[in-house]
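The sequence and coordinates are shown below.

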Amino acid sequence: MENKLKLYGFNNLTKALSFNIYDVCYAKTPREQKDYIAYIDEQYNSERLRAILTHLVDMIGGTILNISSQDYEPQGASVTILIAEDHMVPAGGDTVVAHLDKSHVTVHTYPEYHPDTCLATFRVDIDVATCGEITPLSTLDYLISSFDSDIITMDYRVRGFTRDVYGNKLFMDHYMTSIQNYIKEETLRKYDAVDINVYDANLFHTKMLIKEIDLQNYLFNADVYELPPRARLEIMGSLRREMIEIFSGRNIY
């Protein structure tokens with residue numbers, strides 16, 4: 001984005017990023033499962049989500065127009081932020097043309113647990129839709145680090161068209177081959193990543209699965225060293241199967 005294109009009028013392209021994370025936890029007893037949901041609601045309530053999205057908007061150079069947030073019973077939260085990018089362009093003489101690109105950022109959380117498998121899953125869905133020169137791809141490392149992400153799925157799409165000064169239609173205003181190019185190498189090393197891209201349609205999809213599992217990080221109110229080796233292996237197997245199915249997007253086991 002450093003070498004800006006010479007456009008006729010304004011950039012009318014719309015860039016949409018869908019960012020989804022899954023955090024899996026092992027909670028065996030009903031008490032542990034309820035405590036896990038309560039912990040998620042406390043850590044990822046609308047107030048903290050609002051702070052995350054507000055910083056995201058600042059990172060992409062947007063202007064906040066309105067914020068709406070809500071916590072839900074029995075669980076979950078949502079935040080929606082309407083943002084804009086302002087343009088002030090001289091139109092000749094003393095006349096100034098103002099152009100307002102309206103965009104939005106939303107986040108929704110879905111904590112849930114499955115009593116039969118003793119597994120609890122926390123899902124976060126973040127959608128960023130921007131207009132003009134603003135692109136949300138630069139925020140990916142920040143989003144990944146803001147949550148405990150075991151599985152990550154990301155979709156990026158550029159829609160519409162704009163024109164250069166010669167009147168030619170432009171359906172993409174920046175070179176791109178993969179979403180992974182916008183994620184730091186040290187972050188990528190922690191995950192197995194797969195791309196599914198449709199370049200002719202400006203559609204980019206990347207999904208990531210955590211490589212190493214530190215069992216203690218997945219136990220809720222329990223000490224891994226108090227578990228017998230066989231139990232540790234069974235729990236590790238349950239966690240890995242759950243992650244693989246979510247990563248694959250289908251029932252396997």
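A search of the whole structure, which is a predicted model, finds 5 aromatic pairs. One of them joins Y156 and F204, whose ring centres are 6.3 Å apart and whose planes meet at 35°, so the pair is tilted. Y156 belongs to strand β6 (residues 151-159) and F204 to strand β10, so this pair ties together parts that are 48 residues apart in sequence. Y156 has a relative accessible area of 1% and is buried. F204 is at 2% relative accessibility and counts as buried. In general, a pair of aromatic rings is described by the distance of the centres and the angle of the planes. Elsewhere, Y44, F122 and F147 are linked by ring pairs into a cluster.

Rings also take part in arrangements with charged side chains. The charged end of R123 sits over the ring of Y110, at 4.2 Å from the ring centre. Likewise, the charged end of K207 sits over the ring of F247, 5.0 Å from its centre.

**Overall composition and confidence**

The protein has 5 helices and 10 strands. Of its 253 residues, 43% are buried. Among contacts between residues at least 6 apart in sequence, 65% join residues at least 24 apart.

The mean pLDDT of the protein is 86, and 89% of its residues reach 70 or more. Confidence is highest in β10, at a mean of 97, and lowest in strand β3 (residues 77-92), at 71. The pLDDT is below 50 over residues 87-93, a stretch with 14 contacts in the model beyond near neighbours in sequence. Residues 95-100 also have a pLDDT below 50, and this stretch has 18 contacts beyond near neighbours in sequence.

**Annotated positions**

Which residues does UniProt list under "active site"? The unreviewed entry gives S103, H108 and C131.

S103 is found in strand β4 (residues 95-114). Why does S103 count as buried? Its relative accessibility is 6%, and buried means under 20%. Leaving out residues up to four places away in sequence, S103 touches I81, L82 and I83, along with A129, T130 and C131. The contact list of S103 therefore includes C131, which UniProt also lists for "active site" in the unreviewed entry. C131 itself is found in strand β5 (residues 119-131). At 17% relative accessibility, C131 counts as buried.

T106 is another residue of strand β4. It counts as buried, at 11% relative accessibility. Setting aside neighbours within four places in sequence, T106 is in contact with L53, V79 and T80, and also with D125, I126 and D127.

**Loop residues**

N202 lies in the loop between β9 (191-198) and β10. Its phi is positive, about 55°, although N202 is not a glycine. Most residues other than glycine have a negative phi. With a relative accessibility of 12%, N202 counts as buried.

D223 is found in the loop between β10 (203-210) and α5 (229-248). Is D223 buried, exposed or partly exposed? At 31% relative accessibility, D223 counts as partly exposed. A polar atom of the D223 side chain lies 3.0 Å from the backbone nitrogen of Y225.

The table collects the accessibility values.

| Residue | Relative accessibility | Class |
|---|---|---|
| Y156 | 1% | buried |
| F204 | 2% | buried |
| S103 | 6% | buried |
| T106 | 11% | buried |
| N202 | 12% | buried |
| C131 | 17% | buried |
| D223 | 31% | partly exposed |

Definitions and conventions: Residues numbered from 1 in each chain as written. Predicted model: local features only at pLDDT ≥ 70, side-chain atom pairs only at ≥ 80, totals over all residues. Heavy atoms only, no water. Helix = DSSP H or I, 4+ residues; strand = E, 2+ residues; numbered from the N terminus. Buried < 20%, exposed > 50% of the residue type's maximum accessible area, 1.4 Å probe, protein only. Polar contact = N/O pair within 3.5 Å; in protein donor to acceptor, adjacent residues only side chain to side chain. Contact = heavy atoms within 4.5 Å. Phe/Tyr/Trp six-rings, centres within 6.5 Å; stacked < 30°, edge-to-face > 60°. Lys NZ or Arg CZ within 6 Å of the ring centre and 35° of its normal. UniProt positions renumbered as here; feature names shortened; annotations may be inferred. pLDDT = per-residue confidence, 0-100.
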